[in-house]
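Here are my notes for a colleague who is new to this entry. Please look over the sequence and the model, then read the points in order.

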Amino acid sequence: MRGLLARRMKFHLLGAFVVSMGSALLYKFGVAEPRKRAYEDFYRNYDPMKDFEAMKAAGVLESAPPK
């Protein structure tokens, strides 16, 4: 029984490190990178003036009433 806590602690620390690194990698490649690609794809062809005119024509903006 001598040294049981120290041995178990090493095992659990290693396991916690592996699980946390795995979770971080899964988040990076499963969530963050696809999100970055989606933003890049959206803003590649985004025209803010066209969007502004569409919102203005729909009457969404109070400061710029539709004509």
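In which helix does Lys56 lie? Point 1 takes this up.

1. Lys56 lies in helix α2, which covers residues 48-58. Keep in mind that this is a predicted model. Lys56 is buried, yet it has no salt bridge. The nearest side chain of opposite charge is that of Glu53, 4.5 Å away.

2. What does Lys56 touch, apart from its neighbours within four places in sequence? Its contacts are Leu61, Ala64, Pro65, Pro66 and Lys67.

3. Now the overall layout. The protein has two helices and zero strands. Helix α1 takes in residues 4-44. Helix α2 takes in residues 48-58.

4. How far does the C-alpha trace span along its principal axes? The answer is about 85 × 25 × 10 Å. The radius of gyration is 26 Å, whereas a compact globule of 67 residues would have one near 11 Å. Burial is reported for 4% of the 67 residues.

5. Val19 gives a view of helix α1, where it is found. Is Val19 buried or exposed? Val19 is exposed, because its relative accessible area is 55% and the cut-off for exposed is over 50%. Ala54 is 35 residues from Val19 along the chain, and their C-alpha atoms are separated by 48 Å.

6. Next, the charged pairs. How many salt bridges does a search of the whole structure find? It finds three. Two of them share Glu33: one joins Glu33 to Lys28, and another joins Glu33 to Lys36. The N to O distance is 2.9 Å for Glu33 and Lys28. For Lys36 and Glu33 it is 3.5 Å.

7. Why are Lys36 and Glu33 separated by about one helical turn? They are three residues apart in helix α1, so about one turn lies between them. Lys36 is partly exposed, with a relative accessible area of 48%. Lys28 is also partly exposed, at 34%.

8. The remaining bridge pairs Arg44 with Asp41. Their closest N and O atoms are 2.9 Å apart. Both residues lie in helix α1, three residues apart, about one turn of the helix. Arg44 counts as exposed at 55% relative accessibility. Asp41 is partly exposed, with a relative accessible area of 45%.

9. Last, the aromatic residues. There are three aromatic pairs. Why does the pair of Phe42 and Tyr43 count as edge-to-face? Their ring planes meet at 85°, so the pair is edge-to-face, since the cut-off is over 60 degrees. The ring centres are 4.9 Å apart. Phe42, Tyr43 and Tyr46 form one aromatic cluster. Phe42 is partly exposed, with a relative accessible area of 46%.

Notes: Residues are numbered from 1 along each chain as its sequence is written. This is a predicted model: local features need pLDDT of at least 70, side-chain atom pairs count only at pLDDT 80 or more; totals for chains, interfaces and linings use all residues. Side-chain values use heavy atoms; hydrogens and water are left out. Helices (H or I, at least four residues) and strands (E, at least two) are DSSP runs, numbered from the N terminus. Buried means under 20% relative accessible area, exposed over 50%, partly exposed in between (1.4 Å probe, protein chains only). Rings of Phe, Tyr and Trp (its six-membered ring) pair if their centres lie within 6.5 Å; planes under 30 degrees apart count as stacked, over 60 as edge-to-face and the rest as tilted. Lys and Arg count as positive and Asp and Glu as negative; His and the chain ends are not counted. A salt bridge is a side-chain nitrogen of Lys or Arg within 4 Å of a carboxyl oxygen of Asp or Glu. Contact means heavy atoms within 4.5 Å. The radius of gyration is taken over C-alpha atoms; the globule rule is 2.2 Å times the number of residues to the power 0.38.
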